[in-house]
Amino acid sequence: MKNIILFFFILGSSIYQSKAQVKESYKAQIAYKIVETSPRCKQLTKGLYERIVKNGGTSYGVMLESSPNPKTDPSQGYSKTYNFNLHESYADRMPILARFVFDPKKQQLYEEDVLNDKLIAIAFDKKLLKRFNKTR
């Protein structure tokens, strides 16, 4: 009897988790790839995990903050661009290391220069634009 109850508890938990996870749109998935595979993001994340763990953290990640489709993407709000942050994860905080903006109209990736309040165009894999522009 205990095994049956445990089985249904595990089954119910996995169903709940799968419904709770929101999958972003195809375009947002490609925008993530554009950011994560850019030379600048790779430069910032090289050896980052080890440094974070050494400082008591758990990981790092790229998070979508806002997008043109906030209802279908797990973002916090609407914007004409896909806005991402690269952050470190600690038990009590998530400091942001960099902000990236992908502009779907200009087909360009930028790093946000927060200090000077401007966007700096950065290199990225232009082959991903073909996938981004593909209609699904």
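Visitor: What is the accessible surface of the protein, and what share belongs to carbon and sulfur atoms?
Guide: This is a predicted model: local features need pLDDT of at least 70, side-chain atom pairs count only at pLDDT 80 or more, and totals for chains, interfaces and linings use all residues. Numbering starts from 1 along each chain as its sequence is written, and side-chain values use heavy atoms, with hydrogens and water left out. Areas come from the Shrake-Rupley method with a 1.4 Å probe; for residues, only the protein chains shown count as cover. The surface comes to about 9,400 Å², and the carbon and sulfur share is 57%.

Visitor: What percentage of the residues count as buried?
Guide: Buried means under 20% relative accessible area, exposed over 50%, and partly exposed in between (1.4 Å probe, protein chains only). The protein has 136 residues, and the buried share is 38%.

Visitor: Which residue stands opposite Ser 59?
Guide: Strand β1 (residues 59-67) runs antiparallel to β3 (residues 82-89), joined by 7 bridges. In β3, the residue facing Ser 59 is Ser 89.

Visitor: Which elements do the buried residues of α2 pack against?
Guide: Helix α2 spans residues 26-36, and its buried residues include Tyr 26, Ile 30 and Val 35. Contact means heavy atoms within 4.5 Å. The packing partners are α3 (39-45), β1, β3, β4 (96-103), β5 (108-113) and α5 (127-133).

Visitor: What are the centre distance and plane angle for Tyr 82 and Phe 132?
Guide: Rings of Phe, Tyr and Trp (its six-membered ring) pair if their centres lie within 6.5 Å; planes under 30 degrees apart are stacked, over 60 edge-to-face, the rest tilted. The whole structure holds 4 aromatic pairs. The edge-to-face pair Tyr 82 and Phe 132 has 5.9 Å between centres and 90° between planes.

Visitor: How many residues apart are Tyr 82 and Phe 132?
Guide: Both residues of the pair are buried. Tyr 82 sits in strand β3 and Phe 132 in helix α5, so the link spans distant parts of the chain: 50 residues.

Visitor: Which residues form one aromatic cluster?
Guide: Phe 132 pairs with Phe 102. The cluster is Tyr 82, Phe 102, Phe 124 and Phe 132.

Visitor: How far is the charged end of Lys 27 from the ring centre of Phe 132?
Guide: A charge sits over a ring if NZ of Lys or CZ of Arg is within 6 Å of the ring centre and within 35 degrees of the ring normal. Arg 93 sits this way over Tyr 90, 4.2 Å from its centre. For Lys 27 over Phe 132, the distance is 4.4 Å.

Visitor: Which backbone oxygen lies 2.6 Å from a side-chain polar atom of Gln 107?
Guide: Gln 107 is in the loop between β4 and β5. Beyond four places in sequence, its contacts include Phe 102, Phe 124 and Phe 132. The oxygen belongs to Pro 104.

Key:
Pairing = 2+ DSSP bridges. Helix = DSSP H or I, 4+ residues; strand = E, 2+ residues; numbered from the N terminus. Polar contact = N/O pair within 3.5 Å; in protein donor to acceptor, adjacent residues only side chain to side chain.
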